[in-house]
Amino acid sequence: MSIESFLAEGLTSASTSGLSLLFPVLAAALAYFHYEVLDNEAPPINVPSEMLLQSYDFIVVGAGSAGAVVASRLSEIEDWNVLLLEAGGDETETSDVPLFAGYLQLSQLDWQYKTEPQGDACLAMENGRCNWPRGKVLGGSSVLNYMLYLRGNKRDYEIWEEQGNFGWGWRDVLHYFKKSEDNRNPYLIRTPYHASGGYLTVQEAPWHTPLATAFVQAGQEMGYENRDINGEFQTGFMIAQGTIRRGSRCSSAKAFLRPVRLRKNLHVAMHAHVTKVLMQPKSKRTYGVEFVRDGKVFRINAKREVIISGGAINSPQLLMLSGIGSKEHLQELGIPLIQDSKVGYNLQDHVGLGGLTFMVNQKISMVEKRLQNVQTVMQYAALGDGPLTILGGVEGIAFVNTKYANASMDFPDIELHFIAGSTNSDGGTQLKKIHGLTNQFYEATFGPINDKDTWSVLPMLLRPKSRGIIKLRSKNPFDYPLIYTNYFKEPEDIAILIEGVKISVALSKTDAFKRFGSELNSYQFPGCQHIEIYTDSYWECMIRYYSATIYHPVGTCKMGPYWDSEAVVDPQLRVYGVTGLRVIDASIMPRIVSGNTNAVAIMIGEKGSDMIKEYWFKWKGKFEQQYNDEMRKL
């Protein structure tokens, strides 16, 4: 790729950001060092429309964290033809750079969704609406995310199974986490919880600020262990592990699609926006999909199954557009009903307090202006090292217990994301924009400390009780759906998160951070200045203003047994009431897991693929036996 095309396909906001001087230098360095050669797998082939078949055995809709896995694994069977449809294009070299994760939001790689105003959350955001980025690109949100590799708590999966989702217990899913994993930490792969040799590379960033060490030491001062939080126990602190390879992002597309790009039975079609799943109204049998590409409408048949892997927003939207959803809602929009189902319900997301900022008295944090130099670029382009390899700025992860948690169960209720910087670290260029903060809010709180050295903790509520809903805005497939988060509608959610904020503040008072002169940012949030600081009411006010999504929407096509009236799919991920249709992505989670969700979505893709193989191999054998029996009778 030429430097010109690299820049053209890069970040749409780069020309106006503080990094505008850095991108041309980085582009030139990557071109000079032939950066793509470092990854010996070329991008997947985008099959032209005229070369697509009239029918495939399987059609996978969405090439995100789960969909890329499903397409890759199903195409392992040479007798099966697989079509993978993706509304976006391919990822760019810019999206490979871990530190630039935030700069990918609001770019051409992002669907750029927004939540509907609810009046008591996201108050610091423009029009009271939170930005909800989702990947519109091969690799989906694994191209936009902060690359953190976390599996949740083993108790999460035991609860899934207790609810009737047999085969989804901890031991079952651990196998699939390990199946994907190529962990590069020699210590971890010697444990029974990790593996090497899988498609998905997992490792720590090769470069850290001194503040990362302070974070782990501070946790130890508070009585927590430094441990592998993806291992036997979750409660504790650790340096973050991420889906990166040689210092560069390892998306699901890079992991699962690039190595198999030359399989003749796998076709990938980018810029193909699926608008409807085709079903026979009487038999409720799925027989294909309809999609728009280059302004033309295409219909392609699926001989065996259609698999929807659009994620927690797009999957319910597509089901509803196809006639599967709430009877009342679809009737309102004039969509013919195929199956009455609780599609779009059970929406859950991890939410936390953004902007909890602490000042330090040394030049040791991730201040953007200091990154604009040739040395930083060369470290990354030539060596895969340096500050640009940090996982979107996140260096540490911790799982801690508030007073509401049963500490004896190893089932913590708060996750801490440690960042060697804060909203002010780029001088108000991009972070303010991607969080949707108003100018008035930003200038009052962060304007006075622009470009100064800081660190921050984002406390995240692990298991929210509140449930939201996704509805169609209209029956036009190109209209964005309505997203109602209902953050903090259950009082317990805000109470637990307040305790999480208190733990974060206590962290700043440890000796590990005191040696850097850590102090809470003295500029208070507008709207909270009338409340006494350090009180529960003050922390609640901060949370309701800077309500930060951690980008983990799940649950809108709930998995459950046949007796669960809210279930959309069964434990085999088959859509209730129709045949030949499954949903395989984060939307099937009955309850959100206690951790970041990307690794979980990949696990769901792995397990779902095996379920499909098992089903069709079983029936193939049955049909062959019936055929042989008939032949013997002749």
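Visitor: Are C528 and C541 buried or exposed?

Guide: Buried means under 20% relative accessible area, exposed over 50%, and partly exposed in between, using a 1.4 Å probe and protein chains only. Here C528 and C541 are both buried. Keep in mind that this is a predicted model, where local features need pLDDT of at least 70, side-chain atom pairs count only at pLDDT 80 or more, and totals for chains, interfaces and linings use all residues. Residues are numbered from 1 along each chain as its sequence is written, and side-chain values use heavy atoms, leaving out hydrogens and water.

Visitor: What joins C528 to C541?

Guide: A disulfide, meaning a pair of cysteine sulfur atoms within 2.5 Å. For C528 and C541 the S to S distance is 2.1 Å. The link is left-handed, with -90° about the S-S bond. It ties together distant parts of the chain, 13 residues apart: C528 sits in the loop between β24 (519-520) and α17 (536-545), while C541 is in helix α17. Those labels come from DSSP runs numbered from the N terminus: helices are H or I with at least four residues, strands are E with at least two.

Visitor: How many disulfides does a search of the whole structure find?

Guide: Two. C122 and C130 form a disulfide as well, with sulfur atoms 2.1 Å apart. That link is left-handed, at -100° about the S-S bond, and both C122 and C130 are buried. Counting bonded cysteines along the chain, the pattern is 1-2, 3-4.

Visitor: Why does C557 count as buried?

Guide: Because its relative accessibility is 0%. C250 is buried too, with a relative accessible area of 2%.

Visitor: Now the annotated site: which residues does UniProt list for "binding site"?

Guide: UniProt positions use the numbering here, with shortened feature names, and annotations may be inferred rather than shown by experiment. The unreviewed entry lists V137 and V274. They span 138 residues in sequence, yet no two of their C-alpha atoms are more than 13.8 Å apart, so they gather at one spot.

Visitor: Where does V137 lie, and what does V274 touch?

Guide: V137 lies in the loop between β4 (131-132) and α5 (154-162) and is buried, at 0% relative accessible area. V274 is in strand β12 (residues 273-279) and counts as buried at 12%. Contact means heavy atoms within 4.5 Å. Not counting residues up to four places away in sequence, V274 touches V61, L85, V289, E290, F291 and L318.
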